[in-house]
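Morning, everyone. Let's talk about pockets. Here is the model.

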Amino acid sequence: MVLSWTRRNVFRRAKKEKGQIQGGGRGGELEVEVVIPNHFRCPVSLELMTDPVTLSTGITYDRVSIEKWIEGGNKTCPVTNQVLTNFDNIPNHAIRRMIQDWCVENSSYGIERIPTPRIPLSSYEVSQTCTRILSACRRGDDKKCQELVGKIKDWGRDERNRKCIIGSRARTDAGNGADAVLGHAFDCFSSGDSFDTHVVVLEEILEVLTWMIPLGEEGVSKLSSKASLNCLVWFLEGKDLASRQSAALLLRQAHVQELARVGKVAEALVKMIREPTGSASTKACLATIFNLVSSAENRGEITERFVELDLVSLLLEAIVDGDKGVCEKALGILDCVCDIQKGKEVVKNNALTLPLVVKKLFRVSPLASSFVVSILKKNFDKKEEGALIEAVQLGTFQKLLVLLQVGCDDSTKENATELLKLLNSYRNKATCTDSSSDFKYLKKSF
C-alpha cells in the first residue's frame, strides 16, 4: 500500500536528516506519520489515486482499479452497487490536482508528486474517426483513408487505447465497430481493377486488423467478400513479409465456403507452408487448410488439389519438430487427406508417414492421438501385410493398448479396438521376420 511505502520513506529520511541525539550519544528516530486523506484513496484498492476517474454514479476511483473491476464482468458501482448506465471513465482533474498539491506539500517526508496522466482515447473519438473513414471510402479518397487508418494505428501503440478501439461498438453505417469499418474500407479499395493502385492503404488496413483479431461478425462478413478474399490471396502470394503474415492471419477469419470459391487459394496457402514467414502465420495457414479440407462443400476437390501440390510431404516435415499447435493441425489435415483415394495413396507411399505418425501417439495431445488413430485406421487393411508388420515393430500395438487403458473418446476407442484386432495376428510374424538381407529387425534370444 502507498501508506506503508510512505512510512518507510519517512522513517528513512527522518533518520538521515532529522535524527535526534538521545542519552548515551546513540541516535534515535523521529517517528512521523503522514495520513493520506480518505478522499484521495481509491475505494477499491484503498491506495492513493494516481489517475482518478469518475463513473456515471458520481463516485471517483483510480482508473486501473475500476477498469479491472469492469473487465472482471462487474456491471455495478463498487460503492453504491448501482447498475452502471455506461462504462465511460471521466477523468476527475480537480481531485487529481488536489492530490498533486498534497504530494508537493508533503515532499519533505519522501512523498513523490504523482505525474499528470495522458488523456486516454475515448470511444467517441474512435466513432468519429470511423465515420470519417466511411466518408473517405464513399469518395474513393484512399489518401484520406490512409491518413485516418494511420491515426488508428498510432493510437493502437498504447495498450489502453488499443482496448478502447477493439472494445468500442459505436454504431456506424458499416457495422458495429472499428473492425467492421476497416473491413468495409478493405473491401471498398479491393474492388478496383488492380490492387496495386491502393496497395499502401490496403497494407495499412491489414496491419491494424491483425491486432483486432478475433473480428466481429460484421468485420468477418466484409473480409469474406469476393473482392476482399482475392486481395488477401494476392497479398499472400506477394513478396512483402509483413503483408503476407497479416493476410495469413486474416484468411483464417474468413468464411470457409466463400474462401473455397477463390482461385489459387490452395497454391497461396501451400506456398506459405513451404516458405514459412513465422510460427503464427504458419499455424494460421494450417488452420485455414484444415477448415477447407474438413468443412468446405467442395472439400473433395480442394483436398485433391492440395495433394497435387505436394502438401503431404510438407505436413510430414512440419510434424518432425513442430510444436503442439503445428502437430495437431498437420495431423488433422492428414486425417482429412486420407478421406479421398488419391490422398490415401500418397500418404501410404511416403516412407515417413508411418514412423512419424506412430511416434506422435501420446507425445502431443489427446486430440493429436485421436487423429493418429484415425489415420492408421484409414490406411491399414489386411492386404497391407508389410505395413502392418512394420507398425507392430514400431510399437503401435502396445501404444494402442495403453491408449485404451488411459481413456479416449468413443470414436477413437472404436478405431483403436479395430486396429488392435487387425495387428494382433501379425505380432508373431513381426517377431520372426526373415531378416537375411537386413538385420535391423533381428530378435535375439538373450
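Start with helix 2: six residues, the largest share of the lining of the largest pocket, come from it. Helices here are DSSP runs of H or I with at least four residues, strands are runs of E with at least two, and both are numbered from the N terminus.

Two notes. This is a predicted model, where local features need pLDDT of at least 70, side-chain atom pairs count only at pLDDT 80 or more, and totals for chains, interfaces and linings use all residues. Residues are numbered from 1 along each chain as its sequence is written, and side-chain values use heavy atoms, without hydrogens and water.

What is a pocket? On a 1 Å grid over the protein atoms alone, it is an open set of points where a 1.4 Å probe fits, with protein on both sides within 12 Å along at least five of seven lines; lining residues have an atom within 4 Å of a point.

Back to the largest pocket. Its volume is about 780 Å³, meaning the space filled by probe spheres set on the points, which are joined across faces, edges and corners. The lining has 23 residues, and E67, F87, N89, L121 and C164 lie nearest the centre. Helix 2 (63-71), strand 3 (90-91) and helix 6 (159-167) each give two or more residues.

Now the second largest pocket. Its volume is about 240 Å³. It is lined by 16 residues, with V347, K348, L354, F380 and A387 closest to the centre. Which helix gives the largest share of this lining? Helix 19, with four residues.
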